[in-house]
Amino acid sequence: RVRPGEPIELPLGVGAADLGVDVLSLRRGEHLLVAGQAHSGVSTSLRSLARLVKLASPRSVLIGVADRDSPVRADVGVFDGLGTPDELEAVLALAAVDREREWVVVVDDAHLLDAPPGLEDLLRAAHCRFVVGGRADHLQGRVGHWTRSVRRCGSGVLLRPRLESDGDLLGVRLPRRLSVPMPAGRGFVVRGGVSKLVQMAGADLVASAAGAS
């Protein structure tokens, strides 16, 4: 069950340790990174997170930024605004002057997006939170990219990670080997230097839970 409040509490899915629900907090002025290889479930996880944010923080302005072929584009009714990366600059201009409301910006394929004017300032603003998805290998190779500000928060999800290297994205060391299969949507939830294996809930499951509650 999602409970509105601050910080935004996001029940992501089932944890491997105890089969309970793993919850990740999105605190004011902080950001989340969702990273993985191709077909690891990054875009689907972003859809789930957007739905959870909508339930947990209904007064926030929820914006989606994704190319027209992204699965995130299927959730028109979830977002208060949904546009392409080319339209991000206009959204940032609105968020910069509207500091009375909380803003949550969900960005898919962030590794392909160069920072438009104003983005770095909003990454440091207390009233803006970013939930950013991208290819892990591409994000690691982009020195000085704006997503490093997101990574420094040390919170997010690493889906089907390369165990030897992807933990570096969020400052953790992942296990050297796993004894369970790693289908799409399975990975490590990271917070405060601690990683936990989790199976993310799909967007359709989140929608069903919202309807039931």
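Trainee: Which residue in β8 stands opposite L33?

Mentor: L33 stands opposite G156 in β8. The general idea first: strands of a sheet pair through backbone hydrogen bonds, either parallel or antiparallel. Helices here are DSSP runs of H or I with at least four residues, strands are runs of E with at least two, and both are numbered from the N terminus. Two strands count as paired if DSSP finds at least two bridges between them. Strand β3 (residues 32-36) and strand β8 (residues 156-159) have four bridges and run parallel.

Trainee: Before we go on, what kind of model is this?

Mentor: It's a predicted model: local features need pLDDT of at least 70 and side-chain atom pairs count only at pLDDT 80 or more, while totals for chains, interfaces and linings use all residues. Residues are numbered from 1 along each chain as its sequence is written, and side-chain values use heavy atoms, with hydrogens and water left out.

Trainee: Back to the sheet, then. In what order do the strands come?

Mentor: Walk across and you get β2-β1-β10-β9-β8-β3-β7-β6-β4-β5, an open sheet of ten strands with mixed pairing. The edges are β2 (21-26) and β5 (81-83); each has a single partner strand, so one side of each has no neighbour in the sheet. From one strand to the next, the twist averages 25°, with axes fitted as lines to C-alpha atoms (for helices, over the stretch in contact) and angles running from 0 to 180 degrees between N-to-C directions.

Trainee: Which strands does helix α1 lie across?

Mentor: Helix α1 (residues 42-56) lies across β1 (8-15), β3, β4 (61-65), β6 (103-107), β7 (128-135), β8 and β10 (194-200), at about 135° to β1. Contact means heavy atoms within 4.5 Å. Helix α2 (residues 88-97) lies across β4, β6 and β7, at about 165° to β6.

Trainee: What is the volume of the second largest pocket?

Mentor: About 310 Å³. On a 1 Å grid over the protein atoms alone, a pocket is an open set of points where a 1.4 Å probe fits, with protein on both sides within 12 Å along at least five of seven lines; lining residues have an atom within 4 Å of a point. Points are joined across faces, edges and corners, and the volume is the space filled by probe spheres set on them. Here 18 residues line the pocket, and A38, H39, S43, D109 and R135 are the closest to its centre.

Trainee: Which peptide bond is cis?

Mentor: The one from E6 to P7, with omega near 0°. P7 lies in the segment before β1.

Trainee: How many disulfides are there, and why?

Mentor: A disulfide needs a pair of cysteine sulfur atoms within 2.5 Å, and a search of the whole structure finds zero. The reason is distance: the sulfur of C128 is 13 Å from the closest cysteine sulfur, in C153, which is too far for a bond. C128 is buried, at 1% relative accessible area, whereas C153 is partly exposed, at 27%.

Trainee: And A126, what does that residue touch?

Mentor: Leaving aside neighbours within four places in sequence, A126 is in contact with R28, G29 and E102. A126 is found in the loop between α3 (119-123) and β7, partly exposed at 40% relative accessibility. A126 and R27 are 99 residues apart in sequence, but 9.6 Å apart in space, C-alpha to C-alpha.

Note on methods: Buried means under 20% relative accessible area, exposed over 50%, partly exposed in between (1.4 Å probe, protein chains only).
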